[in-house]
Number of protein chains: 2
Amino acid sequence: MDQVSPAALSATEVARRIREGLLTSEELVQACLERIRQVEPQVQAWTFLDEEHALAQARVADERKRSGAEIGPLHGVPVGLKDIIDTADMPTENGCALHKGRTPRADAAVAAMLRAAGAIILGKTVTTECAYFSPGKTRNPHNPEHTPGGSSSGSAAAVAASMVPLALGSQTAGSTIRPAAYCGVYGFKPTHGLIPRTGILQLSRTLDHVGLFARGIDDLALLAEEVAGHHDRDPDTRPRARVPFRQVSSEEPPLEPMFAYIKTPHWQRVDADAKAAFAELQEELGAQVEEVELLPSAADAWDWHGTILASEMASSFEREWLEGRDRLSPQLQSLIERGREVRAVDYQRALRCLPDVVDSFDELFMDRYDAILTPAALGTAPKGLGATGDPVFCTPWTLFGMPAITLPLLKGENGLPLGVQLVGRREFDARLMRTARWLVSRTAS
Amino acid sequence: MDQVSPAALSATEVARRIREGLLTSEELVQACLERIRQVEPQVQAWTFLDEEHALAQARVADERKRSGAEIGPLHGVPVGLKDIIDTADMPTENGCALHKGRTPRADAAVAAMLRAAGAIILGKTVTTECAYFSPGKTRNPHNPEHTPGGSSSGSAAAVAASMVPLALGSQTAGSTIRPAAYCGVYGFKPTHGLIPRTGILQLSRTLDHVGLFARGIDDLALLAEEVAGHHDRDPDTRPRARVPFRQVSSEEPPLEPMFAYIKTPHWQRVDADAKAAFAELQEELGAQVEEVELLPSAADAWDWHGTILASEMASSFEREWLEGRDRLSPQLQSLIERGREVRAVDYQRALRCLPDVVDSFDELFMDRYDAILTPAALGTAPKGLGATGDPVFCTPWTLFGMPAITLPLLKGENGLPLGVQLVGRREFDARLMRTARWLVSRTAS
């Protein structure tokens with residue numbers, strides 16, 4: 001990669017340069033488009049990209065800057081949006097054969113928030129079918145024979161390949177943390193309800209989260225601060241003060257953080273090289289990491305997640321099922337079939353168990369630990385493009401709505417990136433970023 | 001009734017007298033207890049009442065008043081609580097054989113809010129079994145051969161018989177509006193989520209509401225202002241500014257209100273004398289009332305309500321079902337049996353339909369009307385104590401979470417009270433009270 005291309009810079013840096021008049025948004029978008037022309041044939045991260053429309057947005061931003069008008073924190077900075085996030089000016093096809101040619105009339109809440117902050121919506125990134133498991137065309141930028149992970153495949157790959165500094169995706173099982181880890185970028189899944197999902201394809205009200213991709217923690221904080229907030233039509237969001245992600249995440253922790261290393265009952269499935277890499281990390285952190293068993297009350301998390309996911313997706317995709325089930329992938333068909341048989345009492349029992357477990361995790365954090373440390377996935381990105389990998393290490397944190405971040409700090413034997421996942425207390429998202437930044441600088445030293 | 005007994009006065013009036021030192025809480029509670037000794041043998045409104053404990057609370061309140069400390073708006077005023085509302089100092093048995101002798105450790109949120117406002121928790125009022133349909137011992141104060149309605153039977157009857165000026169109940173179908181109408185008092189079911197349900201027996205998160213009983217609108221406003229609010233453990237409440245019920249409800253409407261008279265598809269089941277009384281009311285209101293068809297999108301409300309109620313109650317009472325179903329009434333058993341068979345997709349489909357209907361009702365209110373006018377029940381309290389009457393005229397407003405108030409403005413041929421129900425726009429509870437007050441004074445003139 002051309003080391004001087006603005007496409008390779010962080011969002012924080014390009015936002016600063018634009019603000020200070022050292023770079024125009026048009027130059028930046030041109031650099032991103034140039035990079036895309038170079039690597040997209042191999043990576044295939046985008047499902048919609050209109051170069052002229054992107055440049056037109058950039059020129060409007062530059063015009064505004066020149067006019068002296070107030071500009072937002074993301075002024076002129078391009079962002080990629082997973083193609084389940086509605087955009088009024090681009091198609092949004094949800095990776096679904098039945099939604100081909102779908103053109104929403106309105107922006108999703110997060111798209112509108114990004115535009116309000118000055119961002120350029122560069123284009124739409126590849127999603128698996130309906131953000132479930134059936135893969136799209138995207139390949140891992142580190143090795144095209146490996147999956148980028150899913151379901152936010154294109155967002156992770158586009159950021160990893162420096163096609164765009166920031167992207168949004170989603171996570172209902174492991175759809176942000178896993179592809180971010182496989183592609184070697186920073187991924188962030190906030191507390192449930194922190195970022196509104198209005199205008200985004202709904203899989204599961206209980207489990208759906210907006211996810212963030214960037215190449216550094218500053219950039220995640222910059223992006224998170226603009227998309228967190230309340231929206232009337234997302235009943236899981238609530239009015240709250242602006243979360244000062246940038247400020248809190250850049251502070252030094254008052255004490256050196258303590259990590260609860262939770263291997264989970266699925267540890268035996270983790271690849272040997274990943275186990276070894278985590279053992280080294282554990283050693284490096286010394287007394288600051290302690291191995292902690294997963295709370296017994298959380299042991300059924302994977303089952304509860306399965307019940308809720310199947311029944312809520314069966315409900316969300318009822319129309320698609322009734323009108324064109326044969327055009328859905330066999331994987332999605334089989335999930336919906338299972339979901340349609342779930343009884344309401346079993347579904348509600350799974351939901352009912354969640355608050356007490358969340359309380360127990362709160363105690364874990366209050367007692368002793370700043371973050372849970374755990375793998376982001378079973379190992380590096382698996383070979384092959386027929387599947388997107390296993391979300392098993394993300395499932396419980398998604399279910400409990402706890403904030404999670406993956407950091408590209410380790411590597412597998414094959415040289416592919418391995419993600420270190422930190423999980424924080426609900427509602428303490430900015431503090432999780434602060435802890436993550438500490439870990440990044442600690443392991444860099 | 002002794003016209004000079006403070007038990008017969010409004011809560012607003014006794015609160016004023018206590019505040020001004022013209023009455024002590026002990027005198028007031030003594031008067032209420034005297035009234036209870038007189039009429040309770042016939043009415044049977046209470047399931048727990050400890051005279052000494054009530055008087056002790058009153059003496060503490062009087063002591064505080066004498067000390068010159070700040071006092072709350074309900075200082076020294078007795079309130080009855082339906083026996084599904086937890087109290088740390090009294091049993092809470094939920095009208096359920098399996099909960100006999102249950103003594104909660106903590107007050108329900110509303111009980112704590114009442115105490116914080118200075119109220120005396122006089123005792124616990126009779127509920128039907130688990131606030132469903134199987135009747136308790138209470139009789140209608142206007143005629144002991146007639147049902148008081150349910151499920152908040154004791155709260156409605158105790159207020160109607162001047163045993164206590166204020167009481168709380170609940171509504172999941174028609175459990176506040178119907179007994180208030182049958183007993184000839186004012187009943188108020190607020191917007192869903194306005195009053196926290198923490199510490200109250202849960203039947204259905206979607207449908208449960210706290211309900212208020214009083215003998216006038218001032219008193220409803222006084223009580224509502226103290227119990228509305230956010231509580232962490234009721235996820236349907238949210239932080240908000242204090243609702244100025246007393247101020248708004250006492251203002252004159254800027255324009256004479258317009259009423260949308262909605263007879264609903266169940267009008268043919270309404271008793272002939274009730275139909276005649278409503279026809280007179282309609283005539284009296286002249287151009288200020290217009291007959292409006294129930295929105296077509298709301299036609300399935302009764303079915304959706306049935307699906308949600310059965311499946312959520314089956315979930316809420318799963319433990320009782322597993323551990324002692326034979327000690328539940330046949331009615332409750334049969335509901336739970338049905339609820340256990342509901343599929344999660346059918347349950348979720350019912351939930352999914354609600355927001356759009358609520359939006360449509362919002363438009364009705366924005367376009368032209370201040371309130372919906374509709375009967376509170378099919379007629380006056382039915383004869384017999386084996387059933388508590390039909391909630392069919394309350395069901396949709398409960399389901400849509402819209403605020404509803406019943407006013408004892410009419411009478412049936414048998415001399416028993418007939419309730420006029422007004423239904424307002426969600427979140428506009430205080431304004432509904434203002435409209436209700438207008439109607440009360442208009443019909444009084």
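Reader: Quick one to start: which residue stands opposite B:Phe188 in S10(B)?
Author: B:Ile405 is the one facing B:Phe188. Before going on: this is a predicted model, where local features need pLDDT of at least 70, side-chain atom pairs count only at pLDDT 80 or more, and totals for chains, interfaces and linings use all residues. Residues are numbered from 1 along each chain as its sequence is written, while chains are lettered from A and ligands numbered from 1 in the order in which they are written.

Reader: How do S5 and S10 of chain B pair, parallel or antiparallel?
Author: Strand S5 (residues 186–189) and strand S10 (residues 404–411) of chain B pair in the antiparallel sense, over three bridges. Two strands pair if DSSP finds at least two bridges between them. Helices (H or I, at least four residues) and strands (E, at least two) are DSSP runs, numbered from the N terminus.

Reader: And in what order do the strands of that chain B sheet come?
Author: The order is S1-S3-S2-S4-S6-S5-S10-S11-S9-S7-S8, an open sheet of 11 strands in chain B with mixed pairing. Its edge strands are S1 (46–48) and S8 (289–291) of chain B, each pairing on one side only. On average, neighbouring strands of this sheet are turned by 35 degrees against each other, direction ignored.

Reader: Which strands does H4 of chain B touch?
Author: Helix H4 (residues 109–116) of chain B packs on the sheet and touches S2 (78–82), S3 (120–125), S4 (166–171) and S6 (209–214) of chain B. The direction of H4 makes about 150 degrees with that of S3(B). Axes here are lines fitted to C-alpha atoms, for helices over the stretch in contact, and angles run from 0 to 180 degrees between N-to-C directions. Helix H7 (residues 217–227) of chain B also packs on the sheet, touching S4, S5 and S6 of chain B, at about 145 degrees to S6(B).

Reader: Switching to chain A. How many residues of H4 are buried there?
Author: Six of the eight residues of H4 (residues 109–116) in chain A, so the helix is mostly covered. A residue is buried if 20 or more other C-beta atoms lie within 10 Å of its own, exposed if 12 or fewer, and partly exposed in between, with C-beta atoms placed from the backbone. The buried ones are A:Ala109, A:Val110, A:Ala111, A:Met113, A:Leu114 and A:Arg115. What covers them includes strands S2 (78–82), S3 (120–125), S4 (166–171) and S6 (209–214) plus helix H7 (217–227) of chain A.

Reader: What does the backbone do just after H4(A)?
Author: A:Gly118 takes a positive phi there, of about 100 degrees.

Reader: Which residue is opposite A:Tyr186 in S6(A)?
Author: A:Ala214. S5 (residues 186–189) of chain A and S6(A) run antiparallel, joined by three bridges. Helix H15 (residues 429–444) of chain A packs on the sheet too, touching S9 (371–375), S10 (404–411) and S11 (417–423) of chain A, and its direction makes about 10 degrees with that of S10(A).

Reader: OK, domains. What does the assignment give for chain A?
Author: Domain 1 (1–297 + 356–445) and domain 2 (301–346); such bounds come from an automatic or database domain assignment. Their C-alpha centres lie 26 Å apart. The contact between them takes 18 residues from domain 1 of chain A and 17 residues from domain 2 of chain A. Contact means that the C-beta atoms of two residues, placed from the backbone, lie within 7 Å.

Reader: How many residues of chain A are in contact with chain B?
Author: 17 residues of chain A, against 17 residues of chain B. H10 (301–316), H12 (330–341) and H13 (344–367) of chain A each supply at least two residues of that side of chain A, and H13(A) gives the most, with six residues. The side divides into six nonpolar, four polar and seven charged. Nonpolar covers Ala, Val, Leu, Ile, Met, Phe, Trp, Tyr, Cys and Pro, charged covers Asp, Glu, Lys and Arg, and the others, Gly among them, count as polar.

Reader: Last one: why does B:Phe365 count as buried?
Author: Because B:Phe365 has 21 C-beta neighbours inside 10 Å. B:Phe365 is found in H13 (residues 344–367) of chain B.
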